[in-house]
Amino acid sequence: NLTEAYRLDYSGSSITPVDNRLNQDTLWMINQGRPWFRFSGQAGKMLLNRCVLHRSCGTGVNLFSNSTMPVDVGVITSIDLYGANSRGNCQYAIDRASVLRCSDWPHDFVYRYDGNSKGYAYGFCGMTA
């Protein structure tokens with residue numbers, strides 16, 4: 001579970017929440033064999049669906065997706081991931097993830113990072129729904 005409150009920081013504040021460094025979700029997920037994850041607690045309920053300021057969400061490139069989420073339970077869907085750069089380009093980091101709807105409850109999704117962003121601080125932003 002991704003539960004950290006910094007995932008809801010959209011201010012571009014460049015906070016460094018992980019041992020005084022930027023969050024690097026993508027590197028960690030690649031190194032851990034690409035586990036499925038969900039947003040819960042203070043991180044919100046789902047992956048952010050819009051662009052926010054560069055260096056938000058406790059990371060260098062904050063990942064979001066405006067792709068259509070699956071409607072059917074149990075169906076894995078591939079989605080596009082995007083992130084903003086310092087010039088306001090909201091499609092700076094184009095990458096991929098999978099999403100699975102777990103139940104008929106609203107916003108009941110799990111995600112898996114499928115991209116290859118190993119060398120930079122890419123992290124996931126959450127939203128409350």
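Guide: Tryptophan 36 stands opposite arginine 112 in E6. Keep in mind that this is a predicted model.

Visitor: What makes E1 and strand E6 a pair?

Guide: E1 and strand E6 (residues 109–113) share two bridges, in the antiparallel sense. A pair needs at least two bridges, so the two strands qualify.

Visitor: Where do these strands sit in the sheet?

Guide: The open sheet has six strands in the order E1-E6-E5-E4-E3-E7, and its pairing is mixed. Strand E1 (36–37) and strand E7 (122–124) stand at the edges because each has a single partner strand, which leaves one side of each without a neighbour in the sheet.

Visitor: Why is phenylalanine 37 called buried?

Guide: Its relative accessibility is 6%. Buried means under 20%, so phenylalanine 37 counts as buried. Phenylalanine 39, with a relative accessible area of 5%, is buried by that cut-off too.

Visitor: Why is leucine 27 called partly exposed?

Guide: Leucine 27, found in helix H1 (residues 25–31), has a relative accessibility of 24%. That value lies between the 20% and 50% limits, so leucine 27 counts as partly exposed.

Visitor: The structure holds seven aromatic pairs. Why is the pair of phenylalanine 37 and phenylalanine 39 called edge-to-face?

Guide: The ring centres of phenylalanine 37 and phenylalanine 39 are 6.0 Å apart, within the 6.5 Å limit, so the rings pair. Their planes stand at 70°, over 60, so the pair is edge-to-face.

Conventions. Residues are numbered from 1 along each chain as its sequence is written. This is a predicted model: local features need pLDDT of at least 70, side-chain atom pairs count only at pLDDT 80 or more; totals for chains, interfaces and linings use all residues. Side-chain values use heavy atoms; hydrogens and water are left out. Helices (H or I, at least four residues) and strands (E, at least two) are DSSP runs, numbered from the N terminus. Buried means under 20% relative accessible area, exposed over 50%, partly exposed in between (1.4 Å probe, protein chains only). Rings of Phe, Tyr and Trp (its six-membered ring) pair if their centres lie within 6.5 Å; planes under 30 degrees apart count as stacked, over 60 as edge-to-face and the rest as tilted.
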